[in-house]
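Please keep the sequence and the model at hand while reading.

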Amino acid sequence: MADFAVIGGGIGGLAAALLTARRGHRVTVFERDSRAPGHDLDQDFFDWRRPGVPQAAQPHHLLGAARAVLLAEAPDVYESVLRLGARERHELDWFDERPPYRPGDENLVVLQSRRIVLETALTDALRAEPRAHVRYGEPVTGLLVDPSASPPRVRGVRTQLGAYEAELVIDAGGRRCGTGDWLTGAGCRPPVVERHRTGIAYFCRWYRLPDGRLDGPTRPWTVTGGTFAGCAVFPADNGLFAVTLFVHTEDPSRGSLRDPAVFEAAARMFAPGAAWLELGAEPLCPVLATAGLDNRWSALVDEQGPVAAGIIGIGDSITHTNPTMAQGASLALWAARRLACEVDGERGRDPGSPDFAADHHDWAVRTLKPWFDFQVITDRAIGERFANREFRAGPAREMAALFECALVEPEVMRARARVRHLAATPDEAYGTPEIRERVESWLAAHPDYVPNALGPDRKEWEKITAT
C-alpha cells in the first residue's frame, strides 16, 4: 500500500484518486475550492463561481473513450451519471434505421451531460472510499523535493496548513497549476512545454427545453459553420442544451455576441441553432464567453530523462486541448486508468522511481500525444479559415466532403464516429479503400460542392451583429 497525493479535484484528479483507492492505496486529494459538488446540479452548475475551472460552465460531451473507462473501471459511477439525468446517444442513430452491427459499434456512444454531472458522480463514489480523503479549500502551494537524488525526488506536497509526504504526487491541477515553477524552484530542470494558440473565441448560452421534453430534433446535424463563424448545439442532461457560436478572436463582430438578443439572432442564422431555439426553450444564463485558448503539451521528461521522480501529470496538466473535439475528459480518464493499473499491488512497481516517471511519459507520448497533435492541426485549419474568411481547396475540401458524405453513407459515418470517439486515428479510419471510394463517389456526384457554405454570408452576419 502506498500513499498518493493528488493535486486538484477536477475530473482527472477525482478519477485518479477513485481508481487507485479501489486498488488498495491511500489517496489524499488537495482541492483549491472549498466547495464540493452536491446534488443540486443546476445550482452547482450556474451559481458556483469556479475561477480555477473556467471551462466548468462550457458544454461537455463524454465520448465513447471516456464511457468505456467508466464502464470497465467504475460502472457504479456510470450508473450514477445516468441516474442524474445524462442521456446516451449512439452515433449511428442518425439514420432512420441503424446499419448492421460491426465490432466496436458499442463504443460509438456519446454521453450527453454537463460536466457537473460526472463531477458529482465521481465525488459521491470517492466519499464512499475509506482509503480516500479530499481536503477542500487546501490548495497545494509547493512540493517536497529531495534535491540530492538523481533526478531530484518529489516526496510530497506543501500547503498553507502543513507538509504531506507521499510515495507519488499526481499533478491533476490543470494548466494553471504551478508545478513547473515549484520544480525549477527546487533545482529541477524545467518541464518541456509545447503551446499552440487556437485563435478561436466561443460564446455559449444554456437553455431548458419546454416541460415534458428531454431532447430536441434529430436533424439537422448539430454542428455547422462557414468561412468566418460556426454554430454548435450540445444536448445535455435533464432537458438542457447549450448553443455555442464560435468566431476568430480578432473578428470585429465578436464583442456584440455577448448581447443575448444579438447572440440568438446570430444563432438562428445557422440551421442547428434555429431548429433548437424554435422549440420555445427557456434561456438559463447570460452569454458565456471564452477566448485565449491554446493547446498545450507539458512533459516532465526531457532529452536527459525525467526532470524529477515521484511526480506525474494527468489531465490538463499534461495535455490541455481546445474543446472543439471534446476529448479532454477522455484523455484524463485514460491517464487515470493507466496510472491505476500501473500501481496495482500485483505489479509491485515503485511509483516513486525514475523508471516509473519515464514509462508514464512514454505511454503518454504514444497514447495521448497523437490526439493532441490532431487537435492542433484541426484548430489551425479552423483558425486560418476564420482569419482569411475563405476555404482552400485540396485535402481540406476532401475532408469536408467526408463529413458531408457521412450524413448519407453509414460506413463513412461509422469511420467518422470512430475518430470522434478516439477509437481509431484519422489515417486508420479514413484511409481504407472503402471509405476513399465512397467519398470520391460522393464528390463526383456533387461537382459544384463548396465546403462550409452553410449559414449566413458576411453581409447578413454584420447586419445582425452591428452594434
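## A parallel sheet

In this predicted model, strand β1 (residues 3–7) pairs with strand β2 (residues 26–31) in the parallel sense over five bridges, where strands (E, at least two residues) and helices (H or I, at least four) are DSSP runs numbered from the N terminus, and two strands pair if DSSP finds at least two bridges between them. Within this pair, V6 stands opposite V29 in β2. Together with helix α1 (residues 11–21), β1 and β2 make a right-handed β-α-β unit, right-handed meaning that, with the strands pointing away from the viewer, the path from the first strand over the helix to the second runs clockwise.

Strand β2 is also joined by five bridges to strand β6 (residues 132–136), the two running parallel, and V27 stands opposite A132 in β6. The open sheet has five strands in the order β6-β2-β1-β10-β21, with parallel pairing; its edge strands are β6 and β21 (311–313), each of which pairs on one side only.

## Two helices in contact

Helix α3 (residues 64–73) and helix α4 (residues 75–83) have axes that come within 5 Å and cross at roughly 120°, the axes being lines fitted to C-alpha atoms over the stretch in contact, with angles from 0 to 180 degrees between N-to-C directions. R67, L70, L71 and E73 in α3 meet P75, V77 and Y78 in α4, contact meaning heavy atoms within 4.5 Å.

## Basis of the description

Residues are numbered from 1 along each chain as its sequence is written. Local features need pLDDT of at least 70, side-chain atom pairs count only at pLDDT 80 or more, and totals for chains, interfaces and linings use all residues, while side-chain values use heavy atoms, leaving out hydrogens and water.
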